[in-house]
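Please look through the structure shown here.

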Amino acid sequence: MARFPSVNPSSLRSPIRGREPETDAKRIPVPLARAIVDCGVYVDGVRLPGKYTPTAALEKVRSLDRGFVWVGLHEPDEHQMEAVAGPFGLHRLAVEDAVHAHNRPKLERYDDTLFLVLKTVNYVEHESISTAREIVETGEIMIFVGGDFVVTVRHGDHSGLAKVRAQMDADPDHMRLGPYAVMHAIADRVVDSYLEVSDLVEDDIDSMEENVFSPRSATDIEHIYMLKREVVELRRAISPLSVALSKLTQDHNDLIAKEVRRYLRDVLDHQTHAADQIGSYDEMLTSLVNAAVGKVAMQQNTDMRKISAWVAIVSVPTMIAGIYGMNFDFMPELHQPWGYPVVLLVMVSACTFVYRTLRRNRWL
């Protein structure tokens, strides 16, 4: 297996653009143990008892010449990742991605090591769309897989792998397939979460659709745009993974056993289904935006018709009052004692006629 020199932290990008990486003189390195979630040695599908450091675990496996190591890290910094990259021979470009995150789902091969990036998603519970600020939050899981090791790097609080590890520990037959079986189990769990989140998002879309087409409810287009933004984020997390999973099922036959590739094809089917669902949600929300805009335009048109109708009604007495307010001496019925009541009666009659006409034409 090829070995690479240890990673120089100064060669990695700073997480803040335009800012120089902090030197050891400015910041005391955090011990690797702070970033390690779990480290286990597996031989013949069974986890060996005891606690190991990543280096000691790797030495144990190579001394036995069988089995593999599974190291789990959570948001390591450059120094912590360097301590793992050296013994395991991880490529510095992949290490850089693992430290700084914010990657699209992808698969890279560095000699005999595969580097898989998965986007994790989590549904944020909320009472209603109108009160929600965020519906979907995302994280990342990076997986380094070699002939005798698996190194997982997590970013985000919702991307825990404790359940996956417990399930794998309880299934030694599956663990005997080697480190790539662990990669499959993690990918399968992530893709299952895609389906779970997409079903919950569908409920929100159904609620929004009911609100848009309800005749008595006010439609806030901003809420639809917010939901569409979350669906777009979900699509960016899910859709690119199709390419990576396709490569795993078709290529790298020299690394991945045939049985594991069968499992990965099943994961690809589920991922494709989730991606199709999210794509349909995006189209549905686009249609809802158009429907909401049409509903608002129709409501505005109705309001303008009502305003115009009342202006027409008010204009009749205004016109009559304006004529008799010109202070001419010779005007019809001006000097008659019944002239004022007659003018009022004419105003009321004219307004009533205009009101009934507009009402009959459904302007009021």
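Patches are built from residues with over 30% relative accessible area and no salt bridge, where like charges are joined within 9 Å and nonpolar side chains (Val, Leu, Ile, Met, Phe, Trp, Tyr) within 5 Å. A salt bridge here is a side-chain nitrogen of Lys or Arg within 4 Å of a carboxyl oxygen of Asp or Glu. Accessible areas come from the Shrake-Rupley method with a 1.4 Å probe, and for residues only the protein chains shown count as cover. The model is predicted, so local features need pLDDT of at least 70 and side-chain atom pairs count only at pLDDT 80 or more, while totals for chains, interfaces and linings use all residues. Residues are numbered from 1 along each chain as its sequence is written, and side-chain values use heavy atoms, with hydrogens and water left out.

On the surface, a nonpolar patch is made up of Met319, Ile323, Tyr324, Met326, Phe328 and Leu334, which together have about 580 Å² of accessible area. One of these residues, tyrosine 324, belongs to helix 9 (residues 258-324); helices (H or I, at least four residues) and strands (E, at least two) are DSSP runs, numbered from the N terminus. Tyrosine 324 counts as partly exposed because its relative accessibility is 30%; buried means under 20% relative accessible area, exposed over 50%, and partly exposed in between (1.4 Å probe, protein chains only).

Two strands pair if DSSP finds at least two bridges between them.

How is strand 3 placed relative to the rest of the structure? Strand 3 (residues 68-74) is largely enclosed by it, because 6 of its 7 residues are buried. Strand 1 (residues 36-43) pairs with strand 3 in the antiparallel sense over 6 bridges. Within this pairing, isoleucine 36 stands opposite leucine 73, and aspartate 38 has glycine 72 as its bridge partner. Strand 3 also runs parallel to strand 7, to which 6 bridges join it; here valine 69 is opposite phenylalanine 149.

Strand 7 (residues 149-155) is in turn joined to strand 6 by 6 bridges, and these two run antiparallel. They form a hairpin with 3 residues between them, and valine 145 faces valine 150 across the pairing. Strand 6 (residues 136-145) is mostly covered, with 8 of its 10 residues buried. Strand 6 also pairs with strand 5 (residues 113-123) in the antiparallel sense over 10 bridges, where leucine 116 stands opposite isoleucine 143.

Single residues remain. Aspartate 97 is located in helix 3 (residues 92-100) and counts as buried because its relative accessibility is 12%. Leaving aside residues up to four places away in sequence, aspartate 97 touches Asn103, Lys106, Phe115 and Met142, where contact means heavy atoms within 4.5 Å.

How many disulfides does the rule give? With a disulfide taken as a pair of cysteine sulfur atoms within 2.5 Å, the count is 0.
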